[in-house]
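Welcome, and please have your viewer ready. We will take a short walk, one selection at a time.

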Amino acid sequence: GQKKMMKMRGILIICVSLAALFSLSASQECRFAPLFTAQDLLTNETKRLSFMEHVMYWEGQFHQNGIGFNSDTGLTYDGTPIDYTTGNGTGNPHLFSASSKESLHVSMLALCLSGNPLAQIWVNPSDPTKAVEIALDVLEKKITSYEQFNQQFPGFGGFFPWFQITSTGMVPTWDFTTRTPSLDNGQLAWSIYALIQTLNQTGNYGLLERYSAQLKLMASNAITVFYVGDGKIRAVSNIYNTTAQPTPSNYYTTSPCGDPCYLDDPYEGELMAFFMDLFANWSNPTDPNQIWIYKQPMLQSVDYQSQEGPI
């Protein structure tokens, strides 16, 4: 009926707009910054959008198989060396990655699925109208890689070390064969949480079930893998047996344990603190408060002086 026609018209307008955007962006060189002034970005909404479209188009050149990720496994690469003059790749990608890199990828794919046009440009700059299809394919392969790792290495408890990308999935890098970082995994946990909301809203229930199981696994094992007690969350948890099921005796802190031994920062590490506080299975209801008490010495109250006064 009329509603269906209006919906189809809206889809057509979006497709035409994205196609026009691609034609415009493709005609520009990657050094597009001189096209804009600081005043443009402060005061001109049209210019700001155009700037972000250019950013996503050129950043999206990194989101390619063999450059930024592996299309067989859906897993990210840490990076790829480039020629600073031409912008072309000069060698093989770094065939390793971590949960922190995965978190960025998962977040952008979630934004793409939610209909964000800038994220759709980033996912597939050559034709953003195909971005959702590509994002779903990558997410399916990614969760398959996660599931295979969890099955092969249950001792990691659903968390990931720095890992090497193989033709079939992921294995720990040589220096993280028996340990896993909490900070990076906290970042990944929240990106998966955001993805789950999007998968539910867009009706992708198969992927929703699988990513929900991944987040539930992380939440159920967070205390066992990372929590020492007295508010202390291990920055890196060491594992005696990576093929054993998670039990408290399978995890330990080295001595010396590095700097920091435990998460105490009010920055990236706080993501794991929030995740554990809100989602972990606490037997002692006072333990979550101890996390924030332990972190208090690193917090400093400062009034930010803005044009509107102190904040």
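Start by selecting residues 131-152, which form helix 6. At 1.5 Å a residue, its 22 residues should span 32 Å, and the end C-alpha atoms are 32 Å apart, so the two values agree. The expected span is 1.5 Å times one less than the number of residues. Helices here are DSSP runs of H or I with at least four residues, strands are runs of E with at least two, and both are numbered from the N terminus.

Before moving on, a word on what you are looking at: this is a predicted model, in which local features need pLDDT of at least 70 and side-chain atom pairs count only at pLDDT 80 or more, while totals for chains, interfaces and linings use all residues. Residues are numbered from 1 along each chain as its sequence is written, and side-chain values use heavy atoms, with hydrogens and water left out.

Now show the side chains of helix 6. Which of its residues are buried? They are Ala131, Ala135, Val138, Leu139, Lys142, Ile143, Ser145, Tyr146, Phe149 and Asn150.

Next, pick Thr73, in the loop between strand 1 (69-70) and strand 2 (75-76). Thr73 has a relative accessible area of 1%, so it is buried. Beyond its neighbours within four places in sequence, its contacts (heavy atoms within 4.5 Å) include Lys142 and Ser145, along with Thr166 and Gly169.

Then go to Met170 in strand 5 (residues 170-172). Is Met170 buried or exposed? Its relative accessibility is 4%, so Met170 counts as buried. Leaving aside neighbours within four places in sequence, Met170 is in contact with Ser145, Tyr146 and Phe149, among others, and also with Leu75.

Finally, zoom out. The protein chain has 10 helices and 12 strands, and buried residues make up 41% of its 311 residues. Along the principal axes, its C-alpha trace spans about 60 × 55 × 55 Å.

Key: Buried means under 20% relative accessible area, exposed over 50%, partly exposed in between (1.4 Å probe, protein chains only).
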